[in-house]
Amino acid sequence: MSTKPQGDALPSEAGEARQQALARLSRAAYSLSAADARLRGRATRQAGALSLSHARVLRILAEEGALPVARLAELTETTGAGATQLVNGLSEQGYVEKAKSLADKRSVLVGLTELGLARHRERERLLAEVLERELRSMDDQALDAASEVLRALGGVYNQL
């Protein structure tokens with residue numbers, strides 16, 4: 001991504017264009033946040049609906065296997081209390097099970113149930129289908145650029 005003025009644009013025009021582009025990005029980030037809030041709302045009202053946070057836990061457990069809550073908190077980028085809350089919600093739905101660690105009796109391991117693995121696979125299939133449909137006009141380079149922007153926005157959110 002270039003930060004230099006394009007074409008014959010004067011530096012002040014380029015600066016204004018940059019500010020406008022950043023303002024559009026900011027509005028898009030707010031829109032994404034609102035969509036996430038709606039998704040979280042559906043997850044609390046509809047049986048079987050998953051928030052992105054819950055889906056992230058299922059994905060990590062599917063990839064990593066059973067984990068201590070502390071490690072799950074690290075990988076989900078949340079606190080121990082936040083991970084415990086996510087695990088409790090997923091446990092109530094039958095997607096994960098908790099067990100005492102044989103190696104460390106103070107630690108609780110969280111693992112996927114068969115139902116949880118099936119729910120994870122269904123969610124990943126749906127996500128892949130929706131991404132393909134909604135982003136079909138974007139080539140691989142544009143998708144990589146979007147990924148870079150989303151990661152950068154994560155850093156922005158961490159500073160607010």
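User: By class, how many nonpolar, polar and charged residues does the lining of the largest pocket have?
Analyst: In this predicted model, the lining of the largest pocket comprises 22 nonpolar, nine polar and twelve charged residues.

User: What volume does the largest pocket have?
Analyst: Its volume is about 2100 Å³. Of the 43 residues lining the largest pocket, Leu32, Asp36, Leu52, Arg56 and Leu150 are the closest to its centre.

User: Which elements give two or more residues to that lining?
Analyst: These are helix H1 (11-45), helix H2, helix H5 (114-134) and helix H6 (140-159). The largest share comes from H1, with twelve residues.

User: Turning to helix H3, which residues are buried there?
Analyst: H3 spans residues 69-76, and Val69, Leu72, Ala73 and Thr76 are buried in it. These four lie on the same side of H3 because they cover an arc of only 105 degrees around the axis.

User: And which residues are exposed on the other side of H3?
Analyst: Ala70 and Glu74 are exposed there. Ala70 counts as exposed because its relative accessibility is 55%, and the cut-off for that class is over 50%. Glu74, at 53% relative accessibility, counts as exposed too.

User: How far apart are Ala70 and Val108 in space?
Analyst: The C-alpha to C-alpha distance between Ala70 and Val108 is 8.8 Å, although 38 residues separate them in sequence.

User: What follows H3?
Analyst: Glu77 follows H3, and its phi is positive, near 60 degrees.

User: Changing topic, how many salt bridges does a search of the whole structure find?
Analyst: The search finds six salt bridges. Side chains of opposite charge can pair when their charged atoms come close.

User: With which side chain does Glu74 meet in a salt bridge?
Analyst: The partner of Glu74 is Arg71, with an N to O distance of 2.8 Å. Both residues lie in helix H3, three residues apart, which is about one turn of the helix. An α-helix has 3.6 residues a turn, so residues three or four places apart point the same way.

User: Is Arg71 exposed or partly exposed?
Analyst: Arg71 counts as partly exposed, because its relative accessibility is 35%.

User: What about Glu122 and Arg125, how far apart are N and O in their salt bridge?
Analyst: The N to O distance between the side chains of Glu122 and Arg125 is 2.6 Å. About one helical turn separates the two, because they are three residues apart in helix H5. Glu122 is partly exposed, with a relative accessible area of 36%, and Arg125 is likewise partly exposed, at 43% relative accessibility.

User: Which residue forms a salt bridge with Glu134?
Analyst: Arg133 does, and the closest N and O atoms of the pair are 3.5 Å apart. Glu134 is exposed, with a relative accessible area of 55%, whereas Arg133 is partly exposed at 41% relative accessibility.

User: Which residues do salt bridges that share partners join into one network?
Analyst: The network consists of Glu122, Arg125, Glu129, Arg133 and Glu134.

Methods. Residues are numbered from 1 along each chain as its sequence is written. This is a predicted model: local features need pLDDT of at least 70, side-chain atom pairs count only at pLDDT 80 or more; totals for chains, interfaces and linings use all residues. Side-chain values use heavy atoms; hydrogens and water are left out. Buried means under 20% relative accessible area, exposed over 50%, partly exposed in between (1.4 Å probe, protein chains only). The arc is that of the directions from the helix axis to the C-beta atoms. On a 1 Å grid over the protein atoms alone, a cavity is a set of points where a 1.4 Å probe fits but cannot get out, and a pocket is an open set with protein on both sides within 12 Å along at least five of seven lines; lining residues have an atom within 4 Å of a point. Grid points are joined across faces, edges and corners, and a volume is the space filled by probe spheres set on the points. Ala, Val, Leu, Ile, Met, Phe, Trp, Tyr, Cys and Pro count as nonpolar, Asp, Glu, Lys and Arg as charged, and the others, Gly among them, as polar. A salt bridge is a side-chain nitrogen of Lys or Arg within 4 Å of a carboxyl oxygen of Asp or Glu.
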